[in-house]
Amino acid sequence: MDKKTDTGRILLIHPLGGNKQAAASDIARKANLMPPLGLASIAAWLEQEGLHADIMDFNADPASEALLEDTIHTTAPGFVGFSCTTSAFLDAANLAARIKQWAPGITTVVGGVHVSALREELLVRYPQFDYGVWGEGEETLCALMKGRTADRAGLIYREDGVVRCGGRREPGIELDRLPFPAYEKLPGYPERYTLPIFNYPRAPNASCLSSRGCPYACSYCDRSVFGATFRFNSAAYVYAHMRHLRDRFGIRHLNFYDDQFTLDRNRIMELTGLLVDKPLGMTFNCAARPDRVDPELLARLKKAGCWMISLGIETGDPELLARHRRQGDLDKLSKVIRMIKQAGIRVKGLVMIGLPGETEASIQRSMSYVHALPIDDLNVAKFTPFPGTPLYADIRSHGTFEEDWDRMDCMHFLFTPNGLSPQRLQALFMQFYKRHFMRPRILAGYLAMLWRSPDSWRRFLADAGSFLGFARNNRRWNAPPPK
Ligand code: B12
């Protein structure tokens, strides 16, 4: 393409990643499809700065990838940016190489958690990327697009054939300065995006963020994007954001994906006060740590419309918990779960299996612990050691690790702790879910969703074949993708 590119314009891409062949019937994507909030935030910021940004979300709409070459030729962006988790990175690298063939003059930039974790190493290995961005993308990308060459904070770049990094951009952006994410740039928003089935009372619903960062240091969690600090939007900003989503897009239920929604108690007291005094008619879910909720706060959350709280249980084995998560306390966790239920809020438990040190006995202990809790919903993830997490560095001394980025989506056992086999882990994973679902209380709970979340049942019935197929035969989740 020889047409001149527009250096004030960027095409932001959310790659599909992983196994493309399986994408059409990918039950995980059908059950839960979230907008790329990082890209929507960057797009809004760039537009505010007088630049132009478009977004293509191949994760939400794999077929739209066929339009990429045409879009590049017709809109002639000077920049193309990719947002990458680990499982999306190789797909992005492939797309970037193709774009460079179609339009060698385009500048390619890659950001997201995988880049923040591995930084220079990625630019050395993948020359199709001109720049990488460590951490928050808004200000760094803006500086790059505006040609402010002296401002290299957050930028990974090449100079005299050597890859360098301008260091972390500090301080992090003040979150109330951010315009609301440019949801309107996401084709099909909000209908195309869906919260996990049975995780919401009403549609249309959406996900959103009101903070960045987490001060805790769990062994399996990557904090290389936002670091160990916690910054948050004020209660007034969050209230206005919710109202915007309701008024502009008709959203009736929100999922706050914040790592620590309730970390600042004053903010939540203020926000719930606003929602009670000036109701928006919306409900919401959030995640919390057990030491960051109390009966008064829970009563306020309930009154303000809180429908469900997710809690990271991770494991029901006390030794494993102490090893991987500071300040974990299983007795306290059980008490807090009961406290949340007493407040009339649903509880979703998040569990992992296959952590370093895991044994058959620790998984059985986890099952006994979790299945005795009065939780309503459960998510069991297959532990995956991500670059940037504390335990990544010496992971191979605790078992075998097949570091296949494409499949690092927590749906494959790529790490096998010493003493276990992937087949055994898979069988225990299925047992974990089966025992959960087969209990009369849980089944009755899903039945009650007929009136508590009719839209979930509609989706379930529309795709019953795939959902039940997943339950019947989970073997393919561990299989490598067809070449
Ligand atoms: C919401 C969420 C999800 C959602 C949707 C994810 C999505 N595709 O959008 C759901 C529930 C579906 C999900 C699924 C998974 N998730 Co998730 N998820 C998150 C969570 C909580 C928030 C993501 C988010 O929106 N952040 C807010 C935005 C503003 O931040 P951001 O996306 O990082 O973007 C900023 C920068 O990274 C940068 N940036 C990003 N893209 C770009 C692009 C360019 C060009 C530039 C310049 C900059 C840039 O600028 C942005 C704005 O400042 C994060 C943790 C976190 N707090 O970020 C984990 C997180 C991203 N998830 C994680 C994981 C492991 C998963 C799963 C693999 C496993 C699982 N079951 O949870 C799956 C698979 C996801 C996939 N296919 O890629 C890990 C990723 C680790 C990794 N190396 O891949 C994280 C980091 C959690 C953690 N700390 O371990 N996830």
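Trainee: Which residue has a polar side-chain atom 3.2 Å from an oxygen atom of the ligand?

Mentor: This is a predicted model, in which local features need pLDDT of at least 70 and side-chain atom pairs count only at pLDDT 80 or more, while totals for chains, interfaces and linings use all residues. Residues are numbered from 1 along each chain as its sequence is written, and side-chain values use heavy atoms, with hydrogens and water left out. A polar contact is a pair of N or O atoms within 3.5 Å; within protein, one must be able to donate a hydrogen and the other to accept it, and residues adjacent in sequence count only if both atoms are side-chain atoms. The residue whose polar side-chain atom lies 3.2 Å from a ligand oxygen is arginine 212.

Trainee: Which residue places a polar backbone atom 2.8 Å from an oxygen atom of the ligand?

Mentor: A residue is near a molecule if one of its heavy atoms lies within 4 Å of it. Of the 35 residues around the ligand, those that come nearest are Ser83, Thr85, Thr86, Gly137 and Glu138. An N or O atom in the side chain of serine 87 is 3.5 Å from a ligand oxygen. The polar backbone atom at 2.8 Å belongs to glycine 137.

Trainee: Which element gives the largest share of the shell around the ligand?

Mentor: Helices (H or I, at least four residues) and strands (E, at least two) are DSSP runs, numbered from the N terminus. At least two shell residues each come from α3, β3 (77-83), α5, β4 (107-111) and α8 (138-145). The largest share, 4 residues, comes from α3.

Trainee: What area is buried between domain 1 and domain 2?

Mentor: The C-alpha centres of the two domains lie 28 Å apart. Their contact (heavy atoms within 4.5 Å) takes 30 residues from domain 1 and 28 residues from domain 2. Buried area is the accessible area (1.4 Å probe) that two parts lose on being put together, summed over both. Carbon and sulfur atoms give 61% of this area, which is about 2,300 Å².

Trainee: Which element supplies the largest share of the side of domain 1 that touches domain 2?

Mentor: Between domain 1 and domain 2 there are 6 residue pairs in polar contact, both residues at pLDDT 80 or more. On the domain 1 side, two or more residues come from each of α2 (27-31), α3 (37-48), α5 (86-102), α6 (113-118) and α7 (120-125). The largest share, 5 residues, is that of α6.

Trainee: With which residue does glutamate 138 form a salt bridge?

Mentor: A salt bridge is a side-chain nitrogen of Lys or Arg within 4 Å of a carboxyl oxygen of Asp or Glu. The structure holds 27 salt bridges. Glutamate 138 lies in helix α8 and its partner in strand β9 (residues 211-212), so the pair ties together parts that are 74 residues apart in sequence. The closest N and O atoms are 2.9 Å apart, and the partner is arginine 212.

Trainee: Which residue does a cis peptide bond join to glutamate 170?

Mentor: The residue in question is found in the loop between β7 (162-165) and β8 (205-208). Omega of the bond is about -5°, and the residue is proline 171.

Conventions:
Domain bounds come from an automatic or database domain assignment.
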